[in-house]
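Here is a short briefing to read with the model open beside you.

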Amino acid sequence: MNMRDRFLSALLAAGLAVTGCSSQPEESDITTYLLPQAPEQTAPGIVTQQPLLVVSPVEMALHLAGTGLVYQTSETAVVQAQQNLWAEDIVRQLTRRINGDLRLKQSRYWPTERSAAIQSVNVPKLQVRVNEFNGHYSGSAHFSGEWLLVGQSGNLKTVQPFSFQVPLKEPGYSAQVNALSEAVSRLTTQIAQRLSSSVLYQAE
């Protein structure tokens, strides 16, 4: 049995109704998942020592922005799980994870999420756009899209497409979440490397 068949068998065994099921799942059958996050940094004064970089909320393709984890079953078909759900809005989780990873992986800028307390005018920005963030019938988790760096004056510094495929270590949604987490780590390593050599402020 190949990885695709094993994955689909695991979904059916877990009682996932992809189509044609009129009954609602029992609450006890619902599993929720959190994307692993970067550890918190508590070093005092670090915000004032590094110039800010605002991490804008991740832009997700509409079919990925729901509550259920997404699995691509063929070249043209995707399903959203009804009983395997994100415990928190996935846009929020991804934005926070990218922000935290970048604080750990480079020291030139201090990434911070956009908020009312942060004056974002004349501050460089990072925007990540996601086209794939799902399991795939090939037996891998797919994560693709593009990221953009905008300088202090609003000029576009970098547009970089990305595409990562991470094999699942075993069938099932837990393995899918872990593989997606690894894909996010690869993305933030790529962005951090670019940040370390990028001039985003005019005075630099």
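What follows covers the fold, the core, the cavity, a pocket, the aromatic rings and a few contacts across the chain.

This is a predicted model, in which local features need pLDDT of at least 70 and side-chain atom pairs count only at pLDDT 80 or more, while totals for chains, interfaces and linings use all residues. Residues are numbered from 1 along each chain as its sequence is written, and side-chain values use heavy atoms, with hydrogens and water left out.

**Overall fold**

- The protein chain has 4 helices and 9 strands; helices (H or I, at least four residues) and strands (E, at least two) are DSSP runs, numbered from the N terminus.
- Along the sequence these elements follow the order α-β-α-β-β-β-β-α-β-β-β-β-α.
- Of the chain's 204 residues, 44% count as buried; buried means under 20% relative accessible area, exposed means over 50%, and partly exposed lies in between, with a 1.4 Å probe and protein chains only.

**The nonpolar core**

- As a general point, nonpolar side chains in soluble globular proteins tend to be buried together.
- The largest nonpolar core here has 48 residues, and L126, V128 and F133 touch the most other members; such a core is a set of buried Ala, Val, Leu, Ile, Met, Phe, Trp, Tyr and Cys residues joined through side-chain atoms within 4.5 Å.
- Two or more residues of this core come from each of β2 (52-55), β4 (68-72), β5 (78-86), α3, β7 (125-136), β8 (140-150), β9 (156-167) and α4.
- Helix α4 gives the largest share of this core, with 11 residues.

**The cavity**

- There is 1 cavity of 30 Å³ or more; on a 1 Å grid over the protein atoms alone, a cavity is a set of points where a 1.4 Å probe fits but cannot get out, whereas a pocket is an open set with protein on both sides within 12 Å along at least five of seven lines, and lining residues have an atom within 4 Å of a point.
- The largest cavity has a volume of about 50 Å³, where grid points are joined across faces, edges and corners and the volume is the space filled by probe spheres set on the points.
- Its lining consists of M60, L64, L69, V70, W86, I90, F133, Q176 and L180, and the elements that give two or more residues to this lining are β4 and α4.
- By class, the lining of the largest cavity has 8 nonpolar residues, 1 polar and no charged; Ala, Val, Leu, Ile, Met, Phe, Trp, Tyr, Cys and Pro count as nonpolar, Asp, Glu, Lys and Arg as charged, and the others, Gly among them, as polar.

- Helix α3 has 16 residues and reaches 22 Å from its first C-alpha to its last, close to the 22 Å expected at 1.5 Å a residue; the expected span is 1.5 Å times one less than the number of residues.
- Among the buried residues of α3 are I90, V91, L94, I98 and L102.
- The second largest pocket has a volume of about 160 Å³, and of the 10 residues that line this pocket, the closest to its centre are E40, R96, N99, G100 and R103.
- Helix α3 gives the largest share of that lining, 4 residues.
- The lining of the second largest pocket divides into 2 nonpolar, 4 polar and 4 charged residues.

**Aromatic rings**

- The structure holds 5 aromatic pairs; rings of Phe, Tyr and Trp (its six-membered ring) pair if their centres lie within 6.5 Å, and planes under 30 degrees apart count as stacked, over 60 as edge-to-face and the rest as tilted.
- Y109 and Y201 form a stacked pair, 6.3 Å centre to centre with 25 degrees between the planes.
- Y109 lies in the loop between α3 (90-105) and β6 (110-113) and Y201 in the segment after α4 (173-195), so this pair ties together parts 92 residues apart in sequence.
- Y109 is buried at a relative accessible area of 0%, and Y201 also counts as buried, at 15%.
- Ring pairs also link W86, F133, F143, F162 and F164 into a cluster.

**Contacts across the chain**

- G66, in the loop between β3 (59-60) and β4, is partly exposed at 24% relative accessible area; G66 and V91 are 25 residues apart in sequence and 9.5 Å apart in space, C-alpha to C-alpha.
- T158 sits in strand β9 and is buried at 9%; T158 and S198 are 40 residues apart in sequence, with 9.1 Å between them in space, C-alpha to C-alpha.
- E88, in the loop between β5 and α3, is partly exposed at 26%; the C-alpha atoms of E88 and T32 are separated by 8.6 Å, although the two are 56 residues apart along the chain.
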